[in-house]
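User: I would like to go through this model term by term and hear, for each label, how the value behind it was judged. Could you set each value against its cut-off before you conclude?

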Amino acid sequence: MKDHREIIDQLERERTLPDADFTALLTDLSSEDGEYLYERAREVRHRVYGRDVYLRGLIEFTNYCKNDCYYCGIRKSNCNAQRYRLTDEQILDCCEQGHALGFRTFVLQGGEDVWYDDDHICALVGEIKRRFSDCAVTLSIGEKSRESYQKYFDAGADRYLLRQETSDPAHYRYLHPADLSIEHRKQCLRDLKDIGYQVGCGIMVGSPGQTPEHIIADLHFMADLQPHMVGIGPFIPHKDTPFRDEAPGTLEDTLHLLAILRLMLPNALLPATTALGTIHPQGREKGILAGANVVMPNLSPTSVRKKYLLYDGKICTGDEAAECHHCMEGRMRRIGYQVVVSRGDWAGTA
């Protein structure tokens, strides 16, 4: 019978495992074997990306959403949410501040807000690319038609984030209302990749009803999709959702999965998420040390940050952009990494 280190070495070599071995890594790692997993993930990350950490300037430009996902604080049924939309000039001002600080990727993230039609999104993307031609634009605005995705790409969008949250149809139905389906979400991801985006998917770790089998199904889906980016973070409940009383995901489970993904997808851009930093004071540092290579400080105006709460307890809602940037530089430096001025594109085929 293989021990855990043999399984980890096999994953590094072959980039996949039998389901039983994935289960062992997800459910039965000692602290010593967990450290070995992180060590191997760091070695792979250093081989591909060195010790560089890429910054993404997050701009949460609307918290209106037409969807009613059961875990999300900006779901349309949350009457306690204070809704807002940034103006185009506010968004461009965020980019101006970010560019001066050294950000070379801007992530426009929002709920699925139908007020922003395709022409509006395209005009906004085009203006950002015109003013900041050395920067990448990432969109994270949910499920759209292939035609819409093509328009955004033609306008200059470089990347698109669309977390599948779970690949299992029954679990997806448990987390989402009936008008949403995992089949459609997966098709959106395939459309995005086919168009030419750098594509990001991902899941919540420890979401209500999640089992190791669900995570293994996600790993198989991601192995098939070969995304350029994978965003994972722990599930954290929000008080105004049906899952308000559910237990959050754990730091350990999230770090283990980050390291597994680094060995499976050596070239992937893996964020150490704000949610990780929310459940542990050094969560983002621990994420980097488990194989991540991206952090996403918030460039949104401080006046709206406390209104964009997908989960409770979110950190950094009161810090100015410069504070977030300097704080992140210091945090990364203390663990032996450096924030770099770079678009931080996907490294290509290994």
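User: Why is glycine 231 called buried?

Analyst: The relative accessible area of glycine 231 is 15%, and buried means under 20%, exposed over 50% and partly exposed in between, with a 1.4 Å probe and protein chains only, so glycine 231 counts as buried. This is a predicted model, in which local features need pLDDT of at least 70 and side-chain atom pairs count only at pLDDT 80 or more, while totals for chains, interfaces and linings use all residues. Residues are numbered from 1 along each chain as its sequence is written, and side-chain values use heavy atoms, with hydrogens and water left out.

User: Where does glycine 231 lie, and what does glycine 231 touch?

Analyst: Glycine 231 sits in the loop that joins strand S8 (229–230) to strand S9 (233–234), where helices (H or I, at least four residues) and strands (E, at least two) are DSSP runs numbered from the N terminus. Leaving aside residues up to four places away in sequence, glycine 231 touches Arg163, Cys201, Gly202, Ile203 and Pro271, contact meaning heavy atoms within 4.5 Å. Alanine 272 is 41 residues from glycine 231 along the chain, with 8.1 Å between their C-alpha atoms.

User: What makes alanine 157 count as buried, and which residues does alanine 157 touch?

Analyst: Its relative accessibility is 3%, so alanine 157 is placed in the buried class. Alanine 157 belongs to the loop between H6 and S5, and, residues up to four places away in sequence again not being counted, touches Val125, Val137, Leu139, Tyr152 and Tyr197. From alanine 157 to alanine 20 the separation is 137 residues in sequence and 40 Å in space, C-alpha to C-alpha.

User: How do you know that the structure holds zero disulfides, and what is the distance from the sulfur of cysteine 72 to the closest cysteine sulfur?

Analyst: A disulfide is a pair of cysteine sulfur atoms within 2.5 Å, and the structure holds zero of them. For cysteine 72, the closest cysteine sulfur is that of cysteine 69 at 6.3 Å, which is too far for a bond. Cysteine 188 is likewise in no disulfide, the nearest cysteine sulfur, that of cysteine 69, being 13 Å away. Cysteine 72 is buried at a relative accessible area of 15%, and cysteine 188 is buried at 2%.

User: Why are H5 and H6 described as roughly parallel?

Analyst: The axes of helix H5 (residues 118–131) and helix H6 (residues 146–155) cross at roughly 20° and come within 8 Å. Axes are lines fitted to C-alpha atoms, for helices over the stretch in contact, and angles run from 0 to 180 degrees between N-to-C directions; under 35 degrees counts as roughly parallel, over 145 as roughly antiparallel, 65 to 115 as roughly perpendicular and the rest as oblique. H5 is therefore roughly parallel to H6. In this contact Asp118, Ile121, Cys122, Val125 and Gly126 of H5 meet Ser148, Lys151, Tyr152 and Ala155 of H6.

User: What makes H3 oblique to H10?

Analyst: Helix H3 (residues 31–49) and helix H10 (residues 251–264) have axes that cross at roughly 45° and come within 9 Å, and that angle makes H3 oblique to H10. Among the residues that meet there are Leu37, Tyr38 and Val44 in H3, and Leu255, Ala259 and Ile260 in H10.

User: And why are H2 and H9 called oblique to each other?

Analyst: Helix H2 (residues 19–27) and helix H9 (residues 212–225) pack at about 120°, their axes being 10 Å apart, so H2 and H9 are oblique to each other. The contact includes Phe22 and Leu26 of H2 together with Ile215, Ile216 and Leu219 of H9.

User: How do arginine 15 and glutamate 165 come by their labels, buried or exposed or in between?

Analyst: Arginine 15 has a relative accessible area of 36%, so arginine 15 is partly exposed, whereas glutamate 165, at 7% relative accessibility, counts as buried. Arginine 15 is placed in the loop between helix H1 (4–14) and H2, and glutamate 165 in the loop between strand S5 (159–161) and helix H7 (169–175). Phi has a positive value in a residue other than glycine at arginine 15, near 65°, and also at glutamate 165, near 70°.
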